[in-house]
Structure formats: structure tokens, C-alpha cells
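Here is a friendly walk through one protein model, in questions and answers. Have a look at the structure first, then follow along.

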Amino acid sequence: MRHIYPVLLIIILLTFSCKDERKVVEVSENIDSLVVDSDRIVNNISETLIPNAKRALNHWKEYKDVDSFMLKYYNVSNLEALNNAKELSDLVQIMKDSIRVDKLKEKNVVARFNVLHNETLRLSDMANIPSISKDEVKEEVKKIIELYSAVNSKINTIYKAEDIQNALDVDTEVPIEIEKQNDARVKISPRVSRKKQ
């Protein structure tokens, strides 16, 4: 009888240890089968500002507010996109009306801000249309992300051009006047003139 207890103990231990391994396998299978909600609108991160542009816009609070709010639109549901559309259009309106950096007051930059604002207003209007489809909302969010990227791209271009300008010894903004020098004409040497004849 003394030999039966150790054998039963070994059988019980093996049974429990096998069950534990099976549970671990089942848990790992469940983790791998993670499903992403198809209702979400997922966009790639658009163009961000280069370091020089970030430093120049550091004190422009309205731009920073829009920039942080736009992060919501890179992974958003249709309902969230429509619910936040009014706030987004208001933030873009405030940013557009309060351009604090003189270099960004050019017509081509302001035009990009205006187009971005118009698209955010359109998304805000979509929130009031009951028959709007998910695909239409998705396309509008995609347009807004692309336009915001275009705004950042234009700002980056301005500061990249400034960096190049500062790296050059010659000022390319002011045209160089070439003085005519009458006495420095090119003369043809006698050997060259004989060959041409």
C-alpha cells in the first residue's frame, strides 16, 4: 500500500502540469487573434514640422492647439469624427485668424489655411446630415488629414528655403546687377582666328 501513494501522487502531478500547459497555449492563441474594429478611420501620420519650423511656431498657441487636436483624427471612429468636427473647425478658424508668424502671412500659405478650414466646416456640416454614409465621413477625414499635411509641408518649405538662404554667401532675394565692363572684352588670339578662317 505504501507504493500506491507515491504512484498516485506522481499521476496527479503530471495531470495538473499538463492542464497548465494547455491553458497557456489557449491564452496565447486568444491574444494573437486580436480584431481591429472596421468602423474606425485609420490614417497614416502626415508630415510634421521640421525642428526650425517648430521653434519658430513654438509661441503660436493656436497652431499647437490644432496640432494636438488633429492627433485624434489619425485613428477615429465615424461617430467621434462627426462629434469632434465642430470643435476642430472652430480651432482651425481661430488658428487661421491669428497667424502670429510674419512669414506665414503670405497668400499661398493663407490659402492653404482657408482650404483646410473649409473642409473642417464641411465635416462639421456632415454631422447634421442624418443620411451621411460612413464612406463619405471617411473620405472627408482623409481630405482634412491631407490638407493639414499640406499646410505643414508648406511651412517646412518656407523654413528649409530660409536655411538654404542663410547657408549661401550671396543674397538670392536681391537681384545681382551685372555691370558692363567695356574694356574687358574677349579678344581672339591670332592662332584661333587663323583656324577659323
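Two rings of Phe, Tyr or Trp count as a pair if their centres lie within 6.5 Å; planes under 30 degrees apart make the pair stacked, and planes over 60 make it edge-to-face. Please keep in mind that this is a predicted model.

Q: Which residues do ring pairs link into a cluster?
A: The whole structure holds 4 aromatic pairs. Tryptophan 60 pairs with phenylalanine 113, at 6.0 Å centre to centre and 85° between the planes, which is edge-to-face. Tyrosine 63 and tyrosine 148 form a stacked pair, with 6.4 Å between centres and 20° between planes. The cluster linked by ring pairs is Trp60, Tyr63, Phe113 and Tyr148.

Q: How many residues apart in sequence are the parts that the pair of tryptophan 60 and phenylalanine 113 ties together?
A: Tryptophan 60 sits in the loop between α2 and α3, while phenylalanine 113 belongs to helix α6, so the pair ties together separate parts of the sequence. Their spacing is 53 residues.

Q: Is tyrosine 148 buried or exposed?
A: A residue is buried under 20% relative accessible area and exposed over 50%. Tyrosine 148 has 1% relative accessibility, so it counts as buried.

Q: Which helix gives the most to the lining of the largest pocket?
A: This pocket has a volume of about 260 Å³. Among the residues closest to its centre are Tyr63 and Tyr148. Both α3 and α7 supply at least two lining residues. The helix that gives the most, with 4 residues, is α3.

Terms used: Residues are numbered from 1 along each chain as its sequence is written. This is a predicted model: local features need pLDDT of at least 70, side-chain atom pairs count only at pLDDT 80 or more; totals for chains, interfaces and linings use all residues. Side-chain values use heavy atoms; hydrogens and water are left out. On a 1 Å grid over the protein atoms alone, a cavity is a set of points where a 1.4 Å probe fits but cannot get out, and a pocket is an open set with protein on both sides within 12 Å along at least five of seven lines; lining residues have an atom within 4 Å of a point. Grid points are joined across faces, edges and corners, and a volume is the space filled by probe spheres set on the points. Buried means under 20% relative accessible area, exposed over 50%, partly exposed in between (1.4 Å probe, protein chains only).
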